[in-house]
Amino acid sequence: MCCSLALSCAGVEMLDLPVACTVCKCGENYLTDPCQLEEYQTDKLFFNSSISGMVTVAYLPTYNELIAVLQLGKLTLEEVQKAVEICTDGCLRMRDLMRQCLAERNKQRQNNSNVVR
């Protein structure tokens, strides 16, 4: 996502802003975008706890298109589908934040270019 924002800020034309999200399934709960420690614990504890697996999705929101899906651990098809849905929703929320950041950046650029030196 940082690359998407950096390219956009640099003026590189893109068809969409790729966004990614990860979901970790812990027992009956789904944890969205776990931190590094939580991911590490997930990797280490797959077979020793209620942590079942993780799903990471890369998504193009404008086209409603998944461009990558990575699944780790043991998950049923239904669990993977639910994790993908949660990831997709997370990607849409993140896209809105990214757009807001880009709009603020463009506004700052316009204000700076209008300053008389």
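Lysine 25 stands opposite tyrosine 30, a residue of strand S2. The model is predicted.

**Hairpin**
- Strand S1 spans residues 19-26, and strand S2 spans residues 29-32.
- The two strands, S1 and S2, pair in the antiparallel sense, with four bridges.
- Two residues lie between S1 and S2 in this hairpin.
- Glycine 27 sits in the turn and has a positive phi of about 65 degrees.

**Aspartate 96**
- Aspartate 96 is placed in helix H3, which covers residues 77-114.
- Its relative accessible area is 43%, so aspartate 96 is partly exposed.
- A polar contact of 3.3 Å links the side chain of aspartate 96 to the side chain of arginine 95.

**Cysteines**
- The structure has zero disulfides.
- Cysteine 35 counts as partly exposed because its relative accessibility is 40%.
- Cysteine 101 has a relative accessibility of 44%, so cysteine 101 also counts as partly exposed.

**Nonpolar surface patch**
- Leu7, Val12 and Met14 make a nonpolar surface patch of about 220 Å².
- Valine 12 lies in the loop between helix H1 (2-9) and S1.
- With a relative accessible area of 41%, valine 12 is partly exposed. The cut-offs explain this label: partly exposed falls between buried, under 20%, and exposed, over 50%.

Notes:
Residues are numbered from 1 along each chain as its sequence is written. This is a predicted model: local features need pLDDT of at least 70, side-chain atom pairs count only at pLDDT 80 or more; totals for chains, interfaces and linings use all residues. Side-chain values use heavy atoms; hydrogens and water are left out. Two strands pair if DSSP finds at least two bridges between them. Buried means under 20% relative accessible area, exposed over 50%, partly exposed in between (1.4 Å probe, protein chains only). A polar contact is a pair of N or O atoms within 3.5 Å; within protein, one must be able to donate a hydrogen and the other to accept it, and residues adjacent in sequence count only if both atoms are side-chain atoms. A disulfide is a pair of cysteine sulfur atoms within 2.5 Å. Patches are made of residues with over 30% relative accessible area and no salt bridge: like charges are joined within 9 Å, nonpolar side chains (Val, Leu, Ile, Met, Phe, Trp, Tyr) within 5 Å. Accessible areas come from the Shrake-Rupley method with a 1.4 Å probe; for residues, only the protein chains shown count as cover. A salt bridge is a side-chain nitrogen of Lys or Arg within 4 Å of a carboxyl oxygen of Asp or Glu.
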